[in-house]
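Please open the model in a viewer and keep the selection panel at hand.

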Amino acid sequence: MPGYFAPKNSNPPKAGAYKPRDKTRKKETSTFRKLYDRGDFPISVNHDGKGNRMNWKVDIEKLDYHHYLPLFFSGLCETEEPYAFLARQGVHDLLDKGGAKILPVVPQLIIPIKNALNTRNPMVICTTLKVIQHLVESAEMVGEALVPYYRQILPIFNLFKNHNVVNLGDGIYYAQQKRENIGDLIQETLEKLELNGGEDAFINVKYMVPTYESVISRI
């Protein structure tokens, strides 16, 4: 029986591992967007010549972090403005001011982080990686509290770790300056997870991302 030969110059279809996940409009509408449109957040937006600026109507340190921090994290998957900007800025403001309030909320942040990474949208992934870096350094013990959740948040790290494709020409410089190279950001984030995650961090990172090498051994 003659063998089967593929047509000349034909290639197998791409697996699409790096392709952003398609979602219906209903599914991609985050809780953050719904509540912002409803006016449930104590924030306002000022528009000036330098762009948008977010203002808090209350003292951040007096906010209920169990309520607000997960909601702002849920907006990390947003790509439309002003939602993307507001969620990103809100997260960083809350992490800057949260102190001891952050650690007890860590378990509530895992699903929003996982959902944002699983969009496989390069812009969303870069934003989320920067947030994770800020999170692990935001308060004592937060890095260690994240270790049990590596199995939920690191699979995408493993997939994109060597994904350093950026635009040619000036685009490369721009991406590097703005810290938007996914591969580099993943390496930075893994190093911060190891440095802030305690004695069990490295072995757990290594289990999920086998190609990762300890940053401590290089210091």
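Begin by selecting isoleucine 102, which is buried, with a relative accessible area of 0%. The model under view is a predicted one. Isoleucine 102 is located in the loop that joins helix 4 (83-98) to helix 5 (106-117).

Next, display the surroundings of this residue. Neighbours within four places in sequence aside, isoleucine 102 is in contact with Tyr65, Leu69, Leu94, Leu95, Leu135, Ser138 and Val142.

**Helix 3 and helix 5**

Select helix 3 (residues 65-74) together with helix 5. Two packed helices are described by the angle between their axes and the distance between the axes. For helix 3 and helix 5, the axes come within 8 Å and cross at roughly 10°. Because angles under 35 degrees count as roughly parallel, helix 3 is roughly parallel to helix 5. Show the side chains at this contact: helix 3 contributes His66, Leu69, Pro70, Phe73 and Ser74, and helix 5 contributes Gln108, Leu109, Pro112 and Ile113. By class, the residues of this contact comprise 6 nonpolar, 3 polar and no charged.

**Helix 6 and helix 11**

Move to helix 6 (residues 122-136) and helix 11 (residues 182-196), whose axes come within 9 Å and cross at roughly 20°. Helix 6 is therefore roughly parallel to helix 11. The crossing of these two helices is left-handed.

Which residues of helix 6 and helix 11 meet? On the helix 6 side, select Pro122, Ile125, Cys126, Leu129, Lys130, Ile132, Gln133 and Val136. On the helix 11 side, select Ile182, Leu185, Ile186, Glu188, Thr189, Lys192, Leu193 and Asn196. The residues of the contact of helix 6 with helix 11 divide into 10 nonpolar, 3 polar and 3 charged.

**The largest nonpolar core**

In soluble globular proteins, nonpolar side chains tend to be buried together. The largest nonpolar core of this model has 59 residues, and Leu154 and Phe157 touch the most other members. Helix 6 supplies the largest share of this core, 8 residues.

Finally, centre the view on leucine 154. Residues up to four places away in sequence not counted, leucine 154 touches Leu190, Leu193, Val205, Met208 and Val209. One of these, Leu193, also belongs to the contact of helix 11 with helix 6.

Note on methods
Residues numbered from 1 in each chain as written. Predicted model: local features only at pLDDT ≥ 70, side-chain atom pairs only at ≥ 80, totals over all residues. Heavy atoms only, no water. Axes fitted to C-alpha atoms, helices over the stretch in contact; angles between N-to-C directions. Helix = DSSP H or I, 4+ residues; strand = E, 2+ residues; numbered from the N terminus. Parallel < 35°, antiparallel > 145°, perpendicular 65-115°, else oblique. Left-handed = near helix turned anticlockwise from the far one by under 90°. Contact = heavy atoms within 4.5 Å. Nonpolar A, V, L, I, M, F, W, Y, C, P; charged D, E, K, R; others polar. Core = buried A, V, L, I, M, F, W, Y, C linked by side-chain atoms within 4.5 Å. Buried < 20%, exposed > 50% of the residue type's maximum accessible area, 1.4 Å probe, protein only.
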